Amino acid sequence: MKRFWSRFGPVVLTGLFVLAVALVRLHAQPADEAYTPVGDDDIGGERLPATPLVFAAYAAVWVMLLLYVVSLWRRLGRVERDLSEVMTKLGGRQP
Amino acid sequence: MTFGNRLVPVLLATAIVTFAAAPYVIDTAPYESTMGLVQRIFYFHVPVAVLLLATGLLCGVGSAFYLKNRTDRADAFALACAEVTFVYGCIVLVVGPLWARKAWGVWWDWEPRLTMTLVMWMIFGAYLLLRRFGGAGSEALAAAVGVFGSVLVPFVYWSVNMWRTLHPKTSVVPTLPAPMMGPFLWCAVAFLALTTVLVVLRMRLELSRVALERAYILLEE
């Protein structure tokens, strides 16, 4: 037994070390979950500014409301003009 | 001069004054702790969303009344409410994603509140298409669609409490702190005045259109 360890001891220890390293690497965290350092300039690029979104939201509300009001106003004006013309032609008769 | 016609100038003046002052009133509100500036969208988004549900519900009431009594005024009221619901749906479905992009990190999520609002908006879109292209007699069919669309309103409202969603719950507005509640109520009054004006004017347009059709028929006889 003593002769075995003196002859194969370094080989067995080297084999155990290689096995341990392989096991550690096998159970290591995947790269996408690990911390990745970035430069100072890269952090600013990730922030989404709120100001354009708020302005876009308020502008969208106003544009859509104005389009609807103008459309309603024009349709109402056209129908009431036509109605008054037809009523004039009808004289006293009521539809 | 009817009550509605007397009401329009007063409500229009109220809407103009309150909307003109709205930016200054909103500016007095404090920033929300987690969302910051983007939360300012709330002061226009939520009143429009509440009135979207209110007009959707009123369209159903008007439609049901029309199906029972077949009066022109009920039909005109239902149509006016459906059109305003559709316009407010466009606003909510455009403004909401702008807020969501910053608050949730995505433009859209297929969660219950957003999905049901989209479905409701499409139903009222179908109502308007039916009225535009349905031909004679489409009023009754559209009224049935209006009732069907209004049934969705309670589901849209309570969806955030019933299911797990990204969207904030209905408890947000009643629990608003006073400095945020003031600007919210200010904008709510502005939109309520404008909505009433829009519904009254759209009703007037529809009643005038019906009168014009009948006048043409009388002229041809």
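Analyst: Start with contact: two residues touch when they have heavy atoms within 4.5 Å. By that rule, and not counting residues up to four places away in sequence, B:Arg131 touches B:Asp75, B:Leu79, B:Ser138, B:Glu139, B:Ala142 and B:Glu206. Keep in mind that this is a predicted model.

User: Why is B:Arg131 called buried?

Analyst: The cut-off for buried is under 20% relative accessible area. B:Arg131 has 15%, so it is buried. This residue lies in helix 4 (residues 112-133) of chain B.

User: What makes B:Val46 count as buried?

Analyst: The same cut-off applies: under 20%. B:Val46 is at 14% relative accessibility, so it counts as buried. B:Val46 sits in helix 2 of chain B. Leaving out residues up to four places away in sequence, it touches B:Val173 and B:Phe184.

User: How do you know that the salt bridge of A:Glu80 and B:Arg204 joins two chains?

Analyst: First the bridge itself: the closest N and O atoms of A:Glu80 and B:Arg204 are 3.1 Å apart, and the limit is 4 Å. Then the location: A:Glu80 lies in helix 3 of chain A and B:Arg204 in helix 6 of chain B, so the pair joins two chains. A:Glu80 counts as partly exposed, at 29%. B:Arg204 is partly exposed as well, at 29%. Across the interface of chain B and chain A, the rule finds two salt bridges.

User: What makes up the side of chain B that touches chain A?

Analyst: Its residues divide into 27 nonpolar, one polar and eight charged. Helix 6 of chain B supplies the largest share, 16 residues. The contact takes 36 residues from chain B and 29 residues from chain A. The area buried between the two chains is about 3100 Å², and carbon and sulfur atoms give 83% of it.

User: Why are B:Arg209 and B:Glu213 said to be about one turn of the helix apart?

Analyst: Both lie in helix 6 of chain B, four residues apart, and that spacing is about one turn of the helix. B:Arg209, at 30%, is partly exposed. B:Glu213, at 46%, is partly exposed too. Salt bridges that share partners join A:Arg75, B:Asp75, B:Glu83, B:Arg131, B:Arg202, B:Glu206, B:Arg209 and B:Glu213 into one network.

User: Which residues touch the most other members of the largest nonpolar core?

Analyst: Of its 77 residues, they are B:Tyr43, B:Phe44, B:Tyr88, B:Ile91, B:Met120, B:Tyr127 and B:Phe191. Helix 6 of chain B gives the most to this core, with 17 residues. Beyond its neighbours within four places in sequence, B:Tyr43 has contacts that include A:Tyr58, B:Ile26 and B:Phe184.

Conventions
Residues are numbered from 1 along each chain as its sequence is written. Chains are lettered from A and ligands numbered from 1 in the order in which they are written. This is a predicted model: local features need pLDDT of at least 70, side-chain atom pairs count only at pLDDT 80 or more; totals for chains, interfaces and linings use all residues. Side-chain values use heavy atoms; hydrogens and water are left out. Buried area is the accessible area (1.4 Å probe) that two parts lose on being put together, summed over both. A salt bridge is a side-chain nitrogen of Lys or Arg within 4 Å of a carboxyl oxygen of Asp or Glu. Ala, Val, Leu, Ile, Met, Phe, Trp, Tyr, Cys and Pro count as nonpolar, Asp, Glu, Lys and Arg as charged, and the others, Gly among them, as polar. Buried means under 20% relative accessible area, exposed over 50%, partly exposed in between (1.4 Å probe, protein chains only). A nonpolar core is a set of buried Ala, Val, Leu, Ile, Met, Phe, Trp, Tyr and Cys residues joined through side-chain atoms within 4.5 Å.
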